Amino acid sequence: MTASPPAASSSPPHAEGWRVLVATTWVQVLCSGGMLLVPTLAPQVAAAFGVPTGWVGLQVSLLYGVAMLTSLQSAVLARRLGGCRASQLAMALVMGGCALALIGTPLALLGTTLLLGLAYGITSPAAAELLSRFTPPERRNLVYSIKQTGVPLGGVLAGLMAPPLAALWNWQAAFLAVGVACLATLLLLQPRRTRWDASRDARVRMQRAGSLGVLRRYRAMRWLGATGFCLSAAQLSLLSFAVAYMVEELLLGLVMAGAVVSLVHVAGVTGRLGWGALADRLGGSLPVLFGLAGVIALIFFLLAVLGTAVPTWVTLTLMVVAGATAVGWNGVYLGEVARRCEPGEVGEATAAVLVLTYMGVLVGPALFSLVVWLTGSYSVGFLLPMVTGALAVFCLLNCVRSDAAPRAA
């Protein structure tokens with residue numbers, strides 16, 4: 001595996017690169033927003049589907065599990081169809097999931113979850129397939145960071161759009177709105193498809209191990225995947241338990257806690273842009289990743305030790321800083337994955353590391369819940385993301401030390 005991809009013989013027009021970036025970011029926004037509709041409207045959806053509200057929370061875990069399994073083959077799909085067509089397929093899947101939700105039965109909810117998980121597992125490898133071809137190397141980290149803002153922006157979209165629509169009409173209106181937006185996006189992408197998918201290869205075949213073959217071949221990529229596992233565990237630990245921590249231990253009101261979580265998401269978006277620009281300025285993403293992992297470990301240590309012993313505004317400031325780091329690492333991380341690949345391997349490598357990243361999404365909150373259950377303290381629970389942040393530093397050190405040459409499977 002090379003340290004950086006070879007330069008293309010002719011750079012794509014500047015405007016076309018930005019069109020690709022806007023399109024892939026918007027597709028990510030709609031996929032993320034669609035997958036968050038059920039938890040955002042949990043009380044209404046649970047009542048309509050006839051299931052306990054707590055069961056609706058399991059939908060997110062199942063969705064990420066499906067996305068993780070989809071990532072095994074999604075890079076091959078993106079290479080066969082092309083990144084643009086694969087993005088259109090993701091939009092069609094989200095649209096189908098939103099349509100199924102309108103039926104309002106538990107079986108329909110399961111179908112919605114499966115379709116949204118398939119879509120979410122396709123989006124990043126499809127975007128990587130396009131961005132790797134239309135992004136100049138000197139802007140790689142910033143571009144990938146901008147694209148990754150689609151994840152928290154999808155949360156903002158769901159939070160700002162779904163409750164008002166449910167209040168004005170009904171919960172189905174939110175699903176209809178996202179479905180219509182996906183249909184419009186699918187149609188708007190069609191005129192670009194010929195140019196954007198010019199490099200697709202219909203001869204590529206599915207493999208038994210899928211994208212995980214990249215992890216077998218490249219030791220450095222295995223350590224990068226482990227880094228993603230650790231950082232995603234820290235990220236979801238923060239986002240999953242921030243409100244409960246503020247309400248139950250800091251004794252804040254629910255409205256205030258929700259406002260702070262919004263600031264955490266905004267800090268995450270700002271961080272993704274800032275860290276990407278810094279990485280491009282420094283000429284490399286590894287120094288930024290090392291710094292982010294170290295700060296994540298430090299911030300969560302301070303939250304665990306000082307969270308309830310210092311003025312509340314200090315704790316809330318620490319949480320916002322945690323948002324800027326623990327939610328802001330993704331773009332720089334995927335930029336480093338792309339840097340280590342030949343152009344034709346970027347989608348496959350992205351899918352491979354995302355399998356481990358999604359595992360961290362599933363494991364992190366589960367372990368945090370176990371710690372809270374055993375100790376009765378969210379503050380003690382923050383020692384878990386502290387540990388995973390420190391482990392991310394260890395993984396990055398081993399990534400740097402690893403031989404960049406491919407090893408036999």
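## Residue G179

G179 sits in helix α9 (residues 171-189); helices (H or I, at least four residues) and strands (E, at least two) are DSSP runs, numbered from the N terminus. The model is predicted: local features need pLDDT of at least 70, side-chain atom pairs count only at pLDDT 80 or more, and totals for chains, interfaces and linings use all residues. Residues are numbered from 1 along each chain as its sequence is written, and side-chain values use heavy atoms, with hydrogens and water left out.

G179 counts as buried because its relative accessibility is 8% (buried is under 20% relative accessible area, exposed over 50%, partly exposed in between; 1.4 Å probe, protein chains only). Leaving aside neighbours within four places in sequence, G179 is in contact (heavy atoms within 4.5 Å) with M95 and C98. The C-alpha atoms of G179 and L93 are 9.5 Å apart, at a sequence separation of 86 residues.

## Chain

The chain has 19 helices and zero strands. Its radius of gyration is 20 Å, close to the 22 Å that the globule rule gives for 409 residues, so the chain is as compact as a globular protein of that length. This radius is taken over C-alpha atoms, and the rule is 2.2 Å times the number of residues to the power 0.38.

Of the 409 residues, 54% count as buried. Among contacts with a separation of 6 or more, 85% are between residues 24 or more positions apart.

## Residue V305

V305 belongs to helix α14. V305 counts as partly exposed because its relative accessibility is 46%.
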